Amino acid sequence: DEVALVHAGAANGFELIGRDQSKITLKENGHPMSYKVLAQLEFSSERRRMGVVVQGSDGKFLLIVKGADSALVPLCQDKTDPAILRKCMVDLTDFAEQGHRVMLVCQRVLEPSECETYLDKHRRAQNLLQGREQA
């Protein structure tokens, strides 16, 4: 999945320059951009998606999620331009009918206060999981 996404990104002006646990560096339409990784949301077969919360070098906070179209479309319907959503659904259907595996990548800009609230909840949940594993 990741290799296909990297190739698709490059074909659309997003070139992966580097990635480690704390930082992602891209060229976006020829311009370098780095993102600090603030939280990773591991894949869950129940949720059928995974995600990452990042802060761009421009200061913006983003939630970026990839996953099954059936899991993400319902989350995007109220927040996406209907024409864009219709075009996306036509493309997804076409690819699926050709036998390709399909998934979506979505992003949402988070307000700083919204991001901090989420990160606090994420840290508390991580601490609960770590404590349970050690017990």
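Student: In this predicted model, why are β5 and β6 called a pair of strands?

Tutor: A pair needs at least two bridges in DSSP. Strand β5, residues 61-67, and β6 are joined over 7 bridges in the antiparallel sense, so they count as paired. One spot to look at is Leu62, which stands opposite Val109 in β6.

Student: What makes β1 and β6 the edge strands?

Tutor: The sheet is open, with 6 strands in the order β1-β2-β3-β4-β5-β6 and antiparallel pairing. Strands β1 (14-19) and β6 (104-110) each pair on one side only, and that puts them at the edges. On average, neighbouring strands of the sheet are turned by 30 degrees against each other, ignoring direction.

Student: How do you know that helix α1 packs on the sheet, and which strands does it touch?

Tutor: Contact here means heavy atoms within 4.5 Å. Helix α1, residues 2-11, touches β1, β5 and β6. Its direction makes about 130 degrees with that of β1.

Student: Why is Met33 called buried?

Tutor: The cut-off is under 20% relative accessible area. Met33 comes out at 14%, so it is buried. You'll find Met33 in strand β3, residues 31-44.

Student: What does Met33 touch, leaving out residues up to four places away in sequence?

Tutor: Its contacts are Ile24, Thr25, Leu26, Glu28, Gly56, Ser57 and Asp58. As for Ile17, it is 16 residues from Met33 in sequence, and their C-alpha atoms are 9.4 Å apart.

Student: Which residues of α2 are buried, and what do they pack against?

Tutor: In α2 (residues 69-76), Ala71, Leu72, Val73 and Cys76 are buried. The buried residues of α2 pack against β4 (49-56), β5, α3 (82-97) and β6.

Student: How many of the residues are buried over the whole protein?

Tutor: Buried residues make up 23% of the 135. The accessible surface is about 9600 Å², and 54% of that belongs to carbon and sulfur atoms.

Conventions:
Residues numbered from 1 in each chain as written. Predicted model: local features only at pLDDT ≥ 70, side-chain atom pairs only at ≥ 80, totals over all residues. Heavy atoms only, no water. Helix = DSSP H or I, 4+ residues; strand = E, 2+ residues; numbered from the N terminus. Axes fitted to C-alpha atoms, helices over the stretch in contact; angles between N-to-C directions. Buried < 20%, exposed > 50% of the residue type's maximum accessible area, 1.4 Å probe, protein only. Areas by Shrake-Rupley, 256 points an atom, 1.4 Å probe, with all protein chains shown as cover.
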